[in-house]
Every structure is written in C-alpha cells, then in structure tokens.
Amino acid sequence: AGGIDLLLTSKGDLVITDDGDTRLAVGLTNIVQKVRLVIDTPRGSLLHHQDYGFPIQVGDSTAVLSAQDILGISRDLFKDDPTFTGIESAAVLKDGPLVKISLSVGVAGTSAIIPITVDVTR
C-alpha cells in the first residue's frame, strides 16, 4: 500500500551505505516519508509540480496563518494522493516560529490509520 521510493534521512538527505549503495523506503516507511516530504517541501519549489508542498516558505512568519488555516492546508495536501484515504484526525501546535503538525492518516486499501508528527520550522 505504501509503495517504494529511495530512503531519506529525517533531514531529507539520501541514505547511502558504507559501500556506496542506497536503501529503499518500502510500505509504512515510505508512507511516513511521503507525509514528511510534502510538508517539508515549500509549495511552488518544484518546477513541474507547482501545487505540491506546504505553502509556508522559509522566512515567512507563522503568525499570518492560524492553527485552523494550517489544519485546512494539511487536509488538502493528501486529497489527490491515492496512497491515503484522508486525514482521520489532526492537531496543530504553534510555538513561535515552530509549527508542530500531528496527523492521523488513513491508508488506502487497508483499515490502518497511521499517526505522524512533523515539525515545520521556516
């Protein structure tokens, strides 16, 4: 259900082994990675996918968006992704420049609901 992609570190770097090989993110690992990637990618930063990503840019004040706005944006991130059935529950905590987004996402083709928390520091 989660698909396969190249494995990234929590900072978004490609995982490379000592022998120079890469690792794969499979299943649940890839689902969590997909959520983190879409939130960590500034919207408009991908030339051929202008609508992909989170609309808060580096240097933006999180004060211009309420927690409710961020929640709405988070729900929209997954509406067209066939991996997910949607967001079952969500919470947004704003603490100065840090925004902590906690989501419980439903996985398509299963009854699984996966809790994921991502810190957005822009």
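Predicted model: local features only at pLDDT ≥ 70, side-chain atom pairs only at ≥ 80, totals over all residues.

Gln-33 is buried, with a relative accessible area of 9%; the cut-off for buried is under 20%. The residue is found in helix H1. If we leave aside residues up to four places away in sequence, Gln-33 touches Asp-5, Leu-6, Leu-7, Leu-8 and Ala-25.

Now the overall layout. The protein has two helices and five strands. Read from the N terminus, the order is β-β-α-α-β-β-β. Along the principal axes, the C-alpha atoms fill a box of roughly 45 × 35 × 30 Å.

Of the 122 residues, 34% count as buried. As for contacts, take those between residues at least 6 apart in sequence: 39% of them join residues at least 24 apart. The exposed surface comes to about 7200 Å², and carbon and sulfur atoms supply 54% of it.

Next, charged pairs. Side chains of opposite charge can pair when their charged atoms come close. How many salt bridges does a search of the whole structure find? It finds two.

One of them joins the side chains of Asp-81 and Lys-34, at 3.4 Å from N to O. Asp-81 sits in the loop between helix H2 (67-77) and strand E3 (84-95), while Lys-34 is in helix H1 (residues 28-40), so this pair ties together parts that are 47 residues apart in sequence. Lys-34 has 26% relative accessibility and so counts as partly exposed.

The other is between the side chains of Asp-119 and Lys-100, with 3.2 Å from N to O. Here both partners are in strands: Asp-119 in strand E5 (residues 113-121) and Lys-100 in strand E4 (residues 98-107). They are 19 residues apart, and the pair links distant parts of the chain. Asp-119 is partly exposed at 38% relative accessibility, and Lys-100 is partly exposed too, with a relative accessible area of 30%.

On to the rings. The whole-structure search finds one aromatic pair. How are the rings of Phe-78 and Phe-84 arranged, and what makes that so? Their centres are 5.1 Å apart and their planes stand at 70°, so the pair is edge-to-face; the cut-off for that label is over 60 degrees. Both residues are on the inside by the accessibility figures: Phe-78 counts as buried at 3%, and Phe-84 is buried with a relative accessible area of 7%.

Last, the surface. There is a nonpolar patch of about 560 Å², made by Ile-4, Leu-6, Leu-14, Ile-16, Leu-24 and Val-26. Which strands each supply at least two residues of that patch? They are strand E1 (4-6) and strand E2 (24-26).

Leu-6 brings us back to where I began. This leucine lies in strand E1 and is partly exposed, with a relative accessible area of 39%. Leu-6 belongs to the nonpolar patch, and it is also among the residues that Gln-33 touches. That is what I have for today.

Key: Residues numbered from 1 in each chain as written. Heavy atoms only, no water. Salt bridge = Lys/Arg side-chain N within 4 Å of Asp/Glu carboxyl O. Helix = DSSP H or I, 4+ residues; strand = E, 2+ residues; numbered from the N terminus. Buried < 20%, exposed > 50% of the residue type's maximum accessible area, 1.4 Å probe, protein only. Phe/Tyr/Trp six-rings, centres within 6.5 Å; stacked < 30°, edge-to-face > 60°. Contact = heavy atoms within 4.5 Å. Areas by Shrake-Rupley, 256 points an atom, 1.4 Å probe, with all protein chains shown as cover. Patch = residues over 30% accessible without salt bridge, like charges linked within 9 Å, V, L, I, M, F, W, Y side chains within 5 Å.
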